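I opened my notebook to look up a few things in this structure. The entries below follow the order in which I checked them.

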Amino acid sequence: MTPEKFDVVILGGGNAGIGVTGPVRRAGLSVAMIEADLLGGTCPNRGCTPKKVLVAAGHALHEIHRASVHHISIGTPKLDWAALIDREKDMIKDIPANLARSMAKRNVEVIRGHATFAGPNLVRVGDRELEAKHIVIATGSRPRPLPIAGAELMITSDEMLSERELPGSVIFVGGGVISLEFGHVYARAGAEVTILEALPQLLPAMDADAVARLQAESEHIGIRIKTAVSVKRIERTNGQLRVVFTHDGNEHAAEADRVVNGAGRIANIDTLDLAAGNVEHANGRVMLDRHLRSTSNPLVYVAGDAVPTSPQLSPIATYEGDIVGRNIVEGPEYSPDYASMATSVYAEPPLAAVGLTEAAARNAGLAIDVHVNDMLGWFSAKTYAETVAWSKVIVDQSTDRILGAHFVGHAGQELINIFGLAMRFGITAGQIRENVYAYPTFSSDIKHMLGHG
Ligand SMILES: Cc1cc2nc3c(=O)[nH]c(=O)nc-3n(C[C@H](O)[C@H](O)[C@H](O)COP(=O)(O)OP(=O)(O)OC[C@H]3O[C@@H](n4cnc5c(N)ncnc54)[C@H](O)[C@@H]3O)c2cc1C
């Protein structure tokens with residue numbers, strides 16, 4: 001078989017793969033993108049976008065719950081879960097076809113199928129072989145397999161976004177982002193929710209004080225949370241599932257209609273035949289240099305969730321794809337900088353964060369000012385009858401620059417981008433305070449969150 005020749009072959013058509021196509025197509029390189037499933041990958045088809053439709057419904061329920069504060073009386077709300085899932089599916093159904101059109105417009109050849117390496121510069125898909133000057137692994141991630149008996153009884157976020165029946169009860173194994181986001185929607189929709197986390201803290205990468213606020217609010221809406229547990233097995237019992245776990249040396253059990261794998265996600269690289277591509281890897285991680293390039297095969301780059309060391313977020317996947325694309329065009333010049341990447345956990349209310357946690361800043365020995373505000377008594381929080389309104393902003397004493405910001409509630413999922421912008425472009429705390437903000441807005445509270453200089 002004579003291989004077809006391309007300048008760039010991209011494995012995976014998600015945020016990362018699509019991010020690569022911009023710079024390489026602008027430079028006129030020929031590009032093939034191989035996609036085994038839906039074009040667009042996880043975020044628009046099975047992740048951020050459909051999940052946010054469910055989160056928005058949870059938000060509406062939360063608003064209705066608080067309506068009496070505004071002297072509005074409403075009967076008991078009823079969420080039609082099947083219709084909500086239909087709404088969610090309807091909203092995303094055209095995305096793959098729209099992306100196919102935009103890839104065609106960019107002159108990217110999209111090939112359907114599962115790609116594997118057939119050599120250091122050779123990729124196989126179906127009965128085709130593609131020879132490439134550069135190969136990009138942008139194959140995303142999948143739920144972390146858990147080495148516990150009965151693990152196959154667990155469902156994942158894919159099923160949660162598709163099942164048209166609201167379960168009566170759900171246990172999440174793992175207390176990460178997916179568990180909190182779906183847990184809040186389920187709980188507000190009336191399901192009994194339990195979260196079991198192995199570590200002492202939910203969301204271990206987040207600021208401990210912010211997580212404590214979110215945990216308190218989660219418990220307030222009825223979510224049962226147990227940390228520092230070790231799940232031993234999952235078994236069927238009387239039409240339900242039972243999760244057996246130990247906590248403080250004692251064995252416990254909890255039962256529910258569904259058990260969800262909420263233990264995070266790992267790079268999707270195990271079926272790529274990396275050995276054939278001379279791509280060095282260990283423990284599910286491709287070895288990369290600071291330019292996201294394979295340490296053993298300089299023709300190969302990795303971007304997105306398949307990168308083992310960066311946060312698994314869609315804007316980061318797109319950003320890394322763009323960096324890889326520019327490195328292919330200009331040579332390995334660019335390295336990612338994640339310091340000012342904002343993120344949110346879309347619970348209701350959300351936890352939003354950018355930069356260092358207080359613990360990380362202190363561990364690094366930095367001289368910092370930490371501005372913590374419980375804003376529940378502030379006019380804006382009272383106006384909207386917020387149930388949590390909390391912020392922590394960490395400022396470098398020597399430069400007055402923002403090192404980190406953390407919110408629970410108070411439109412933090414929007415305000416966090418102002419802090420990300422400030423961090424990225426070096427806007428100081430003093431300059432943020434000096435700005436004139438539209439009033440009354442949550443943003444106009446920012447200057448008060450930073451103290452008075
Ligand atoms: C439930 C859920 C909610 C999320 N919510 C958010 C959110 O709110 N905000 C946020 O920023 N991020 C969110 N994420 C994370 C976000 O979806 C990912 O970070 C992002 O999609 C990663 O993009 P990617 O291109 O690296 O991988 P993907 O989007 O997963 O794309 C990889 C593609 O590669 C394909 N593929 C895999 N192997 C092969 C192969 N061998 N050959 C050919 N094709 C292959 C796959 O079919 C897939 O389409 C969420 C994720 C999940 C699961």
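**Entry 1: the disulfide**

I searched the whole structure and found 1 disulfide, where a disulfide is a pair of cysteine sulfur atoms within 2.5 Å. It is a covalent bond between the sulfur atoms of two cysteines. Here Cys43 is joined to Cys48, with 2.2 Å from S to S. The torsion about the S-S bond of Cys43 and Cys48 is about -135°, so this disulfide is left-handed.

I noted that the model is predicted: local features need pLDDT of at least 70, side-chain atom pairs count only at pLDDT 80 or more, and totals for chains, interfaces and linings use all residues. Residues are numbered from 1 along each chain as its sequence is written, and side-chain values use heavy atoms, with hydrogens and water left out.

Are the two cysteines buried or exposed? I used these cut-offs: buried is under 20% relative accessible area, exposed is over 50%, and partly exposed is in between (1.4 Å probe, protein chains only). Cys43 counts as buried because its relative accessibility is 15%. Cys48 counts as partly exposed because its value is 29%.

**Entry 2: helix H3**

Next I looked at helix H3, residues 48–65. Helices (H or I, at least four residues) and strands (E, at least two) are DSSP runs, numbered from the N terminus. H3 has 18 residues and reaches 25 Å from its first C-alpha to its last. That is close to the 26 Å expected at 1.5 Å a residue; the expected span is 1.5 Å times one less than the number of residues.

Which residues of H3 are buried? They are Pro50, Lys51, Val53, Leu54, Val55, Ala57, Gly58, Leu61 and His62. Their cover includes H2 (42–46), H4 (81–92), H6, H7 (177–189) and H8 (208–220).

H6 spans residues 157–160 and holds Glu159. Glu159 is partly exposed because its relative accessible area is 31%. I also checked Glu159 against Pro332: they are 173 residues apart in sequence and 40 Å apart in space, C-alpha to C-alpha.

**Entry 3: the cores**

I then looked for nonpolar cores (sets of buried Ala, Val, Leu, Ile, Met, Phe, Trp, Tyr and Cys residues joined through side-chain atoms within 4.5 Å). The largest has 49 residues. Val9, Leu11, Ile34, Phe117, Ile137 and Ile328 have the most contacts inside it. A second, separate core has 37 residues, including Val55, Phe182, Ala191 and Trp390.

**Entry 4: strand S23**

Which strands join S23 through bridges? S20 (residues 351–355) runs antiparallel to S23, with 5 bridges. Ala353 has His406 as its bridge partner in S23. S22 (residues 389–396) also runs antiparallel to S23, with 7 bridges. Val393 stands opposite Ala405. The hairpin of S22 and S23 has 5 residues between the strands, and Asp400 takes a positive phi near 65° there.

**Entry 5: an open sheet**

Last, I followed 3 strands that form an open antiparallel sheet in the order S11-S12-S13. Two strands pair if DSSP finds at least two bridges between them. S11 (229–237) and S13 (250–256) stand at the edges with a single partner strand each, so one side of each has no neighbour in the sheet. S12 (residues 240–247) is joined to S13 by 7 bridges. Val244 stands opposite Ala253 in S13.

How values were computed:
Contact = heavy atoms within 4.5 Å.
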